[in-house]
Amino acid sequence: MSEGLSRGPGAAGVPLRLGTRKSLMATTQSQRVADLLTERTGRPVELVGVTTQGDVSKALVAQMGGTGVFVNALRDKILSGEVDFAVHSLKDLPTSETPGIALAATPRRDDPRDALCAPVKLADLPRGARIGTGSPRRMAQLRALRPDLDVVPIRGNADTRLAKVTDGELDAVVLAHAGLKRIGRLEAVGEVFDTDQMLPAPGQGALALECRSDRTDLLELLGTVDDAATRRAVTAERSILAVLEAGCSAPVGTYAAEIDEKLHLTATVAAYDGSRQIRLSASGHPDAAEQLGRDLADRLLAQGADQLMGERD
Ligand SMILES: NCc1[nH]cc(CCC(=O)O)c1CC(=O)O
């Protein structure tokens, strides 16, 4: 479509190429960001579907350490110049920096909470009900809330998981509210967990725009959809993960939000069996988000967080 045209900083009107996975969740969140960018800057944005190895082989996703395989494929396309930028679910991004890649913007966050997908609330599930999740964080917190439940490890995309409830294989599954909203499946929600009951994954509900770090023109343009309060909150949350040297598959829950110009941060580290949980809170100046997270992580470690995370049943 735009073949052969100059893509330099002066090329106003040339569509930006947004590399995206082809799943419904990915294309929905990419299109939302595309529309917002065009609305704010007048610049057209076209979606470029990218098939990753992870989309082709489910076994490979597990083998390569989860969602990182999707992230890496999109980053490769950015570095090679095939696409200009990508939109990721922030919680799927590793905390380590990637040479040549910049986090250009974090748009305003959606609901960060987890949701119980069942015809009833958690308290109304019968004793011993089967509840599916692949996340050690959700597993541990569910077991702490309802030790009598049978927590079943499952895989697959949100639709596959929801189908297990509809067809009666499971009584419930737990998924991110934000993802369910993006794929239009909020009707499946029986209860949205309060953060007092279940702390979300660091960055849950937030999106991340990435582009090449040497594209200063693009960094400025993408920066128009950045939400500073979201960035501060997810910075605090992710700095906990970084200190704990944990990823999205660790039993670590966090939630940060600004209230009355203070940043409040709560984090939990749980044993895999939910038998023990350390949960701590702190608040501080929003501009010191990273330090707030680091200090809280140090306090978690001082109370034995690394030992807890190392225990598996
Ligand atoms: N790891 C999969 C994943 N990555 C982002 C979302 C949902 C959207 C979000 O949390 O921002 C999901 C599904 C889920 O956890 O239910």
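Student: How do the residues of the shell around the ligand divide into nonpolar, polar and charged?
Tutor: This is a predicted model, in which local features need pLDDT of at least 70, side-chain atom pairs count only at pLDDT 80 or more, and totals for chains, interfaces and linings use all residues. Residues are numbered from 1 along each chain as its sequence is written. Ala, Val, Leu, Ile, Met, Phe, Trp, Tyr, Cys and Pro count as nonpolar, Asp, Glu, Lys and Arg as charged, and the others, Gly among them, as polar. Sorted this way, the shell has 4 nonpolar, 5 polar and 2 charged residues.

Student: Of the 11 residues around the ligand, which come nearest?
Tutor: A residue is near a molecule or strand if its C-beta atom, placed from the backbone, lies within 6 Å of it. Of the 11 residues around the ligand, those that come nearest are Ser-89, Leu-175, Ala-176, Gly-179 and Gln-204.

Student: Which elements give two or more residues to the shell around the ligand?
Tutor: Helices (H or I, at least four residues) and strands (E, at least two) are DSSP runs, numbered from the N terminus. Two or more shell residues come from each of β8 (172-176) and α7 (177-182).

Student: From which domains does the shell draw at least three residues each?
Tutor: Domain bounds come from an automatic or database domain assignment. The assignment gives domain 1 (16-107 + 207-226), domain 2 (114-192) and domain 3 (236-310). The shell around the ligand draws at least three residues from each of domain 1 and domain 2.

Student: Is Gly-179 buried or exposed?
Tutor: Gly-179 lies in helix α7. A residue is buried if 20 or more other C-beta atoms lie within 10 Å of its own, exposed if 12 or fewer, and partly exposed in between, with C-beta atoms placed from the backbone. Gly-179 has 21 C-beta neighbours inside 10 Å, so Gly-179 counts as buried.

Student: Leaving aside neighbours within four places in sequence, what is Gly-179 in contact with?
Tutor: Two residues are in contact if their C-beta atoms, placed from the backbone, lie within 7 Å. Gln-29 is 150 residues from Gly-179 in sequence, and their C-alpha atoms are 9.2 Å apart. With neighbours within four places left out, Gly-179 is in contact with Met-25 and Ala-158.

Student: Which residues does His-177 touch, not counting those up to four places away in sequence?
Tutor: His-177 is placed in helix α7. His-177 counts as buried because 21 C-beta neighbours lie inside 10 Å. Not counting residues up to four places away, His-177 touches Asp-111, Arg-113, Asp-114, Ala-115 and Val-192.

Student: Is Glu-187 buried or exposed?
Tutor: Glu-187 is in the loop between α7 and β9 (189-192). Glu-187 has 7 C-beta neighbours inside 10 Å, so Glu-187 counts as exposed.

Student: How many residues do domain 2 and domain 3 bring to their contact?
Tutor: The centres of domain 2 and domain 3, taken over C-alpha atoms, are separated by 24 Å. On the side of domain 2 that touches domain 3, the residues divide into 6 nonpolar, 1 polar and 2 charged. The contact takes 9 residues from domain 2 and 11 residues from domain 3.

Student: What is the phi of Asp-260?
Tutor: Most residues other than glycine have a negative phi. Asp-260 lies in the loop between β11 (252-259) and β12 (262-270). Asp-260 is exposed, because 6 other C-beta atoms lie within 10 Å. Although Asp-260 is not a glycine, its phi is positive, at about 50°.

Student: What is the phi of Glu-261?
Tutor: Glu-261 is also in the loop between β11 and β12. Glu-261 has 7 other C-beta atoms within 10 Å, so Glu-261 is exposed. The phi of Glu-261 is positive in a residue other than glycine, near 65°.
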